[in-house]
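Please look through this note with the model open beside you. Each point takes one part of the fold.

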Amino acid sequence: MNQVIRLYQFPISPFCRKVRLVLAEKRLQVEEITERYWEGAPEFLKLNPAGTVPVLKIGSHVLAESNAICEYLDESIPDPPLLPGNAMARAEARRLVGWFDDRFFREVTRNLVGERLLKKIICGGQPESAKIKSGSRNCRIHIDYIAGLLERRRWLAGDQMTLADFAAAAQISCLDYVSDIDWERSDAVKDWYAKIKSRPAFRSILRDNLPGFPPPYHYSDLDF
């Protein structure tokens, strides 16, 4: 792509992180613009009336919604592929992307990152302990589910890394930013995340540092 690419994003959003990983994996040069989307700036709403991030602007074209962006990028720049060539394998990868974007986010990330960090950033009130407890309990269940997938697969959706791995890693990296992952629960999950974390595409994610809310010391350590 020879056009200017701009990504309107917020660093702690797992959906923005997923798109950032795809852009980096495709080796695209991108101008990242931190957008305080909850403020509803008129100029941003002109780009995306839904008022959500991520938003990708390529030249004069605007794309919104993380999966629409990711699949557009994968179709436009097929190397390296992030969805399998086999239709059944693609369906499984997409199923898992949906799982992490929807269920994992609702049951875990929103309850933990949303309550512990995002509420402080947007001045959204005090964290709700019941939601944090629910998120912690659900996180253990989801880690066990991921471990079960990895018992019979090299990557989450099969033998090759796919968008499903990026969707999961985007959520988990946000949790790791607030120290909400028990890395002793599953060696398989820890090893899988270490492989993802070590990829060049992950470098910008590991450099994230929100002013006033620094990540834990292990966050950017490739050896944990």
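**Notes on the fold**

1. Start with a helix on the sheet. α1 lies across β1, β2 and β3, and runs at about 155 degrees to β1. Contact here means heavy atoms within 4.5 Å. Axes are lines fitted to C-alpha atoms, for helices over the stretch in contact, and angles run from 0 to 180 degrees between N-to-C directions. Helices (H or I, at least four residues) and strands (E, at least two) are DSSP runs, numbered from the N terminus.

2. A word on the source. This is a predicted model, in which local features need pLDDT of at least 70 and side-chain atom pairs count only at pLDDT 80 or more, while totals for chains, interfaces and linings use all residues. Residues are numbered from 1 along each chain as its sequence is written, and side-chain values use heavy atoms, with hydrogens and water left out.

3. Now the sheet. In what order do the strands of the open sheet lie? The order is β2-β1-β3-β4, four strands with mixed pairing. β2 and β4 (61-64) are the edge strands, each pairing on one side only. From one strand to the next, the twist averages 20 degrees. Strands of a sheet pair through backbone hydrogen bonds, either parallel or antiparallel. Two strands count as paired if DSSP finds at least two bridges between them.

4. Take the pairings one by one. β1 and β2 are parallel and share four bridges. Glutamine 9 has threonine 34 in β2 as its bridge partner. β1 and β3 (residues 55-58) run antiparallel, joined by four bridges. Lysine 57 has valine 62 in β4 as its bridge partner.

5. Look at β1 again. Four of its five residues are buried, so the strand is mostly covered. Buried means under 20% relative accessible area, exposed over 50%, and partly exposed in between (1.4 Å probe, protein chains only).

6. β1, α1 and β2 make a right-handed β-α-β unit. A crossover is right-handed if, with the strands pointing away from the viewer, the path from the first strand over the helix to the second runs clockwise. α3 lies across β3 and β4, at about 125 degrees to β4.

7. Check the backbone. Most residues other than glycine have a negative phi, and most peptide bonds are trans. Which bonds and residues depart from this? The bond from valine 53 to proline 54 is cis, with omega near 5 degrees. Proline 54 lies in the loop between α2 and β3. The bond from aspartate 79 to proline 80 is cis as well, with omega near 0 degrees. Proline 80 is in the loop between α3 (66-76) and α4 (87-122). Arginine 27 has a positive phi, near 60 degrees. Arginine 27 sits in the loop between α1 and β2, and is exposed at 64% relative accessible area. Serine 179 also has a positive phi near 60 degrees. Its place is the loop between α6 and α7.

8. Turn to the aromatic rings. Rings of Phe, Tyr and Trp (its six-membered ring) pair if their centres lie within 6.5 Å; planes under 30 degrees apart count as stacked, over 60 as edge-to-face and the rest as tilted. By this rule there are 13 aromatic pairs. In one of them, phenylalanine 10 and tyrosine 37 are edge-to-face, 6.3 Å centre to centre with 75 degrees between the planes. They lie 27 residues apart and link distant parts of the chain. Phenylalanine 10 is buried because its relative accessibility is 5%. Tyrosine 37, at 22%, counts as partly exposed.

9. A second pair is tryptophan 183 with phenylalanine 224. Their centres are 5.0 Å apart and their planes at 65 degrees, so the pair is edge-to-face. This pair also links distant parts of the chain, 41 residues apart. Tryptophan 183 is buried at 9%, and phenylalanine 224 is buried at 19%. Trp183, Trp192, Tyr193, Phe202 and Phe224 form one aromatic cluster.

10. Finish with charges over rings. The charged end of lysine 190 sits over the ring of phenylalanine 224, 5.2 Å from its centre. The rule asks for NZ of Lys or CZ of Arg within 6 Å of the ring centre and within 35 degrees of the ring normal. Lysine 195 lies over the face of tryptophan 155, at 4.0 Å from the ring centre.
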